[in-house]
Structures are given as C-alpha cells and as structure tokens.
Amino acid sequence: MAKDYFTVNSIDFNSIKDSLKDHLRQTDTFKDYNFEGSALSLIIDILAYNTQYQAFYNNMSINEMYLDTAVAEESITSISKMLGYTPSSITSAMAEIDIELEDNTFVVGSYLPTYTEFVAAQGGLRHTFFTTTPNKITSSTAPHLTGIKIYEGTRKFSQFLFDNLKEGNKFVIPEKNVDISTIKIRVQKGPTDDEGYSDSWKKSTTLMSIGPSDKIYFLQKNRKGNYEIYFGDNVLGVKPEHGSVVYISYMITKGVLANGVGSGDKIGNRVFSGPAGTVADVTVTSIAQGGSPSETMHSVRMNAPLTYQAQNRAVTTTDYKSLVMQEFTSLESVSVYGGEDEDPPQYGRVMIAIKPFSGTIITDATKKSIEKMLKKSKGVVGVIPVVVDPDYTYVRINSAVRYSSLNAGVSSEALRILITSLITEFLNNNLEKFDVDLFRSKLQSLIDDTSDSILGNDTKFIMEKRIRPNFAAATGYSTNFSNQIYNPHAGHVSVIESDPFTFFDSTGSVKRGKLTDDSRGVLQILDPEKGSILVENAGTVDYETGVLTISRIILSSIDGNKSYLAVRATPRNADIFAPRNTIITYDVLDPSSVSVNMVDTDNVGNILSSTGNDYT
Amino acid sequence: MARYTDFDLNMTRHPLTGDVPLVEDVVAIKRSVKNIVLTNYRERPFNIPFGANIRNQLFEPAEPFTAMTIRKAIIFAIEKFEPRVRILEVTVSDDVDRNEFKISIYFSIRHLNKDVGMDIQLSRVR
C-alpha cells in the first residue's frame, strides 16, 4: 500500500528525491522513477529542486526575521529599529589645542567662529579638523584660546522640501560615514523666517516629556544603511509646515584613521595649522582620540536587546553597560560590577571599567561625562557610578610541543613558526576584552590540531603585571594578579620574579636587584647575578588572592630603560581568569611573550632532555 | 502488464481521459535513451555529469573526428545511465548539406529480449 505521507527530515536535494521515489515505489502507475533518463526522473528532479529551493528560501527568510539569526545588515537594522535602537555611527576623533592668534586680528571677548578649520598632515594623510562651537577669546596674551576642542571631518550640507502630501517625509543623509552627533537641523518656512534660520532642532532620544510644540527630530538607520531623519506629527513634536525647507548639516569622518593626530607636535614643528592670517600658532594639548568605526552588526545584535531591556534607565549592570555603549561610541569594551565586589568593598557604588578603541585608558574628561550622564537621568538614587580604568594582566606563554619529525614533512623551525603564529592569532582574536578568560585547553587543542605530526603539548601560562614606578620618591606599590598564585607548600621554589632594577638601599647606595618571593608570602630583593639576598623583607604576596604589595622603595631605573617594572607570577590554575576590570592581554612587541619549544620524539636524546615547566 | 511505464514528456492530453498519456516498455526506453543523448552536462539539478553532452559538439567542424567524439560520448552516456539496454551499434554521420549530424542507435532491451533502432538528428536551431 502506498504511503500517504512523505517523510520530511531534511531539506537536502537527494533526501527529498529519495522521499519522492519511496512514494512512487508504492504505486503501479509509474515504474521508471529509478532510471535517470526517464521523463519521470526529470519531473522528480524538478519537484525535488523546487522543494529544496522553497525550503532554503523559507529557512533564510525566517532566519532574517530574528535578531539572533539574522545575517543581512538590513535585517538586523530593521529588527533593532523595532527595539527602539539606533546603531551607533562612525565618530570623529577629537583633539584639544591652544591657539595663538595673529596680532591685531582679534578683540578680547569676541569669538572664534564655529567651524573654524584646522589642517593636519600625518601618516601621508591630510586631516581637517573643525571647531563645532563658537569659542570666546579670553586672553590678550598668547595663548589666546586654551583647551579648544576640534573634531576631524569634512562638513556637508543637504536640504529638502517638506511636502505634506508626501507620506512619511523621511530625509535620507546620502553619506554613510556621517558622525550622527554632528547633525544639525534647521527648518525654515520661507526666506524671511528668521526664527527658522537660527533655531536648531534637537534629536529626540525618548518620548518622555515631548509635547506638540517641541522642535525635535527622530533619527534612524534605513535598510540601505543610511541614516534618515523624520519629524513629529504635532502631537509628539512639531510637524514642519508644508513647503518648509529642511537644512541638514553634518560631518563625515575618517573615524579611527585620525586617532593619534598631533602626537608629533613640538615647537618649530607644529602638526596643526589654522586659517592663514588669523591663527599664528597651534599647540596640541591632547592628541586626537575617540575616533571609532560605525557599530558592527555583531555589536548591534548584542546591544539592541540590552538597550531595550534597560528601558533608558540604569538599574542592573547590563543596563549600565548598554547605556554607556550606546551614548559613548568610542568605547571598545565595557565591564560593570558592583562596588561590593571591589577589594576593599565599596558599597553603594557601581564600578564601570572602560577600554577605548584607541589607547588603553580614556581621558578624565570622558570619565566625568559618563558619570554625569548616568547620575543625571539614568541612574538610581543612592548609587554612585564610578568609572575606572582597566587593569591589564599580561600573559606569557611557554609551550613544549612534542612531535614526530618523521611524519612532519616540514622542518622543526617551520612548524614552530606556524604554531607561534597560530597562538598569536588566537590571542589577537580572543583577548583584550573584559570578562574574557584564557583557557589552556583551547590553546592546547589549537596546537595539537596544527599538524598530524604533533603528538601533544605541555603549555603553561605566566602572568605579568606592570607597575609604573615613581623614580623621584620612596613609594609603596600594590598590584593584583586577580588569580591564585602557585604555591603548593612553604619552601617551594620562588614563583614571583621581576625584571632587574636599580634602587637605593637603606644606606643610600645604588644597588641592582630583582624581586622574588620566599614561598612563605614575603617578597625579597635578590642580587640578579649572585642570587644573594639584598633585602630580606621587601613586601608581601598573598598566594590566595594574588595581591602583591611592595614596601616603600626608591627605584632608580629599570633594566632596558623601561618605564615600568614587570613582575611575573606562575598561576595556580591551568587557566587565567579576568574578573571585574581585569583585561588579559599580551605584549605584541615582545617576541618572548609566546615561546614555543619543539621536542622531536623521534630523537631519543630530545625526549630524555626535554622538560616542561615542572616545579618542585 | 507492462514492465516499464513512464509518461509522455510531450504532455499531450489523452483524447478520452484528458490525462497525460503513459508510454510503456519499448517506447518508454527509447524516450529515455533519447533524453540521455540530448541532455547536456549541468542541465539536471545536482547531477552535473548526467547526459551525453554532445550539443556543444555542434559548433565543431563537421568532420569525421567530431562524429567520432559524438559517438563515443553517446555510448559512454547510455552505458552509464540506462542499465536496461545493451548497445549493439551507434553510427554518427555528418550531413554537410543540411548542417546536421545523423545519429542511429541500435540496442537490445535486456529484460524484453527486443532489438530496437532509433534515429536522432542533431542540428543547430539558429
């Protein structure tokens, strides 16, 4: 008897075709389904192809309907719009400058106008920067203006006619690399409308307290990836009159490419130049920073639901995270945790650790802006937001890789280089973010999978903290590895070691030493060559918490003329964790950060002489 | 009762029932052989090497070497895709005046014990 149903267990062409054949096998009318040349086989092919095509199409369509599975940018943008989320745009880099004006070209109390242009050339690129507000000239002596903020970009203008008969009236900004924070909008009813000429409309970020007379505009990203502007309906915001002209000015920017402009600025070799005849000299006080790319689709996928959950208020840690990421687009990674998790605990505070796209820490001004934004309208009364810098833990990787040279097909050195590059690629792709731990098993699998000739590997991590010393005065230092330190028993070999340095001892003479531990929780300073103890008690180390405290000491210099003192420790666990504001990273410029040692098991001498990182 | 049944790819309606007519045994197999010979590679979905792929030979010079290539392709395809027949003879001759190749295929149908012959003309349509 013929089956009265088809099994639907796959959308694969051959499975569908087999299902159709199964069905025909039960009938007597057509028997040639199994012969490829038959007309029946041709029809089965077409039916199966059509079924598969439809199934694939439906699968793709449904995937694009949900934020978790959508791939196309237009789908993700459209869904995020439903959640009230506007993806962040590319943002301009901002530099701060002091300006000396030409003699007799200014009056104290007058203003340097908005959109005064400053030009800088760096790295073969010409960058234009603008002021975005008028700046008052306050001093008659140079510098005449100080702390002036200038933004990288190129000014653009668009104008549209507001047509009441047209439904929607959405005005699309043609450029994709527009910094939306620079958009300024005016709506003029006619040539004599002075108020319309001078009044700037505000961007609406919330529907709270918006009335029918508020001059606001709404901004969203359209399906093609362009930002578009639309207005209210005389209930939520003013609706422009029919025939009004909408003027839109904005800046397009190079984003991250302008970060760092101004770094080579010095007397006699200025980076910036202002308008000839007006500006005599420009001194950079803060190099250009904060330029960032537009938000990636991966980021939109993560942030849109969080922002929707936050409902524009900061209560939970994810609320803080999503609000900060949304308002300040130049931030690469944000970690938020309660002050009670700090050591010592800081009750009533919420700690916000931030890593910017460029550099390792954000400026104090940005920290204050973030705290102000959260305190002003988003936060909970009684909870104080505190922005903190990331705490970087550097990792060093030592791997002993056992392999069979008879099966390798390439030299030991080629294999070592390949493994090293894979490890660094893994570190580049996975580290430098908050809440990202480093798991040894992941790296070990990566190494084992490099080649069939690799039999196994013994990979170990070393943690490194970098202390910025004060060379001018006796100072105590403290750093936290935030991981337990390896110390199986008192009397175990030392697991703490610093770079060699010179210091002033108790008699005032300069000595050279390095920090180490006595395995009982006390830090000592040893002579790096002889190994003799120079200072019995130079601080403490807590093997359980990872906190290392160095007693007051006057450092004179660090070997290699480094500006930091590197202190290394062996972790107790196989993995390294990144709690709170810790970011795990590695020193790209230090080739010894990743050390791979190849051990050929086809050479008996190598097996006997090779050791991993064993401690006794 | 017919051993092989297929339907008529011409899709002409049966004058009485109005249904697509069936073709059986010898006719069904001849149609199958013709389908194989006239199908080019990549015409059938997900079955790239199905067919004799001889249509592109029509743009080659009309000479014995081309005819020989076509003949070999036909024999290979029928042996591969039509297990119900055993090839007896395939001849390909060029008709220069008409710009076409004439193909004659003789085969024996295994389970019906019948020898069958069929002719196919290959010509450019434009």
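Modeller: In S6(A), Phe130(A) has Tyr151(A) as its bridge partner, and this contact belongs to the antiparallel pairing in which strand S4 (residues 125-131) of chain A is joined to S6(A) by 3 bridges. Before going on, please note that this is a predicted model, in which local features need pLDDT of at least 70, side-chain atom pairs count only at pLDDT 80 or more, and totals for chains, interfaces and linings use all residues. Residues are numbered from 1 along each chain as its sequence is written, chains are lettered from A and ligands numbered from 1 in the order in which they are written, and side-chain values use heavy atoms, with hydrogens and water left out.

Strands here are DSSP runs (E, at least two residues), numbered from the N terminus, and two of them pair if DSSP finds at least two bridges between them. S6(A), residues 145-152, also pairs with strand S1 (residues 94-101) of chain A, in the antiparallel sense and over 5 bridges. Within S6(A), Ile150(A) stands opposite Ala95(A), while Leu145(A) stands opposite Ile99(A).

In general, the strands of a sheet pair through backbone hydrogen bonds, in either a parallel or an antiparallel sense.

Methods:
Helices (H or I, at least four residues) and strands (E, at least two) are DSSP runs, numbered from the N terminus.
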